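Here is a short tour for anyone meeting a protein model for the first time.

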Number of protein chains: 2
Amino acid sequence: MFSETFKEVLGKEGVVAIVSCADGEAHVVNTWNSYLTPAGEDRLLIPAWKMRKTEEKVRKNAKVLLTVGSKEVQGRMGPGTGFYLEGTARFLKEGPEYDMMKSRFSFVTRVLEVTVTAIKQTL
Amino acid sequence: MFSETFKEVLGKEGVVAIVSCADGEAHVVNTWNSYLTPAGEDRLLIPAWKMRKTEEKVRKNAKVLLTVGSKEVQGRMGPGTGFYLEGTARFLKEGPEYDMMKSRFSFVTRVLEVTVTAIKQTL
């Protein structure tokens, strides 16, 4: 599910948007490209420190949208590419994947796990 | 409304997220930091090529959220800063500001004007 171009983007630093939606209201929070940690075929693990409003939204509606990109990676129209992802989110508070992320990102209070259901290269 | 740090971020290339929400569903589309064009005290002009779903959402609910940041600009916790903006959006199809944007971005079919109502440095 994660193409070489997608992985190349994760290797360039930039701002990721994580969008959640519940009660007729969207919320957006950011992380860094380099913090997105692919796990298995279709999951991303993301270190969470605050993200309290995202957690509240996800509890009501687990569907999330993510965007990530980099001007430094070649896209279909020249320099710069981006990806749009849809997925299902949950927050992990324990377990081997939580421990792995905690050892990598000491500030972690929870881990946002996104099971990606669709990924589209937008540029 | 637009701080020096905010303007510094616009000078570094990166991915902006523009989030709209209507009919209980969020939508997100991207642009580049360098495409955000401050106008007056509290407005941003953004070149639009497609953005059809965003336009459809904005017609029903004009409130949008934007995030923009850069790892290359110093934040409050070290290298990297980001901004979260709330605003009211509309699409311009003509007029002097449309013409100015069209001359700068030849691909423009409309201009997304965001009147910013809140801006918060998140990092």
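Leaving aside residues up to four places away in sequence, Ala39(B) touches Leu44(B), Leu45(B) and Glu97(B). Keep in mind as you look that this is a predicted model. Ala39(B) has its place in strand S3 of chain B, residues 37-39.

Seven strands of chain A form an open sheet, in the order S2-S1-S5-S6-S7-S4-S3, with antiparallel pairing. S2 and S3 (37-39) of chain A stand at the edges with a single partner strand each, so one side of each has no neighbour in the sheet. On average, neighbouring strands of this sheet are turned by 35° against each other, direction ignored.

Inside the sheet, S1(A) and S5(A) run antiparallel and are joined by four bridges. Val19(A) stands opposite Leu65(A), which belongs to S5(A). Helix H2 of chain A, residues 52-60, lies across S1, S2, S5 and S6 (78-92) of chain A. This helix runs at about 45° to S1(A).

Next comes the place where the chains meet. Here 18 residues of chain A are in contact with 18 residues of chain B.

| Element of chain A | Residues |
|---|---|
| Strand S1(A) | 15-22 |
| Strand S2(A) | 25-32 |
| Strand S5(A) | 63-75 |

S2(A) gives the most to this side, with five residues. Sorted by class, the side of chain A that touches chain B has eight nonpolar, seven polar and three charged residues.

How are the two chains related? In general, two copies of a chain are related by a rotation about an axis and a shift along it. In this model, a rotation of 180° with 0.0 Å of shift along its axis superposes chain A on chain B, with an RMSD of 0.0 Å. That is the relation of a two-fold axis. The C-alpha of chain A nearest the axis is that of Gly24(A), 2.4 Å from it. The same surface serves both copies, since 100% of the contact residues of chain A recur in chain B.

Conventions. Residues are numbered from 1 along each chain as its sequence is written. Chains are lettered from A and ligands numbered from 1 in the order in which they are written. This is a predicted model: local features need pLDDT of at least 70, side-chain atom pairs count only at pLDDT 80 or more; totals for chains, interfaces and linings use all residues. Two residues are in contact if their C-beta atoms, placed from the backbone, lie within 7 Å. Helices (H or I, at least four residues) and strands (E, at least two) are DSSP runs, numbered from the N terminus. Ala, Val, Leu, Ile, Met, Phe, Trp, Tyr, Cys and Pro count as nonpolar, Asp, Glu, Lys and Arg as charged, and the others, Gly among them, as polar. Two strands pair if DSSP finds at least two bridges between them. Axes are lines fitted to C-alpha atoms, for helices over the stretch in contact, and angles run from 0 to 180 degrees between N-to-C directions. Copies are superposed by least squares on the C-alpha atoms of residues with pLDDT of at least 70 in both.
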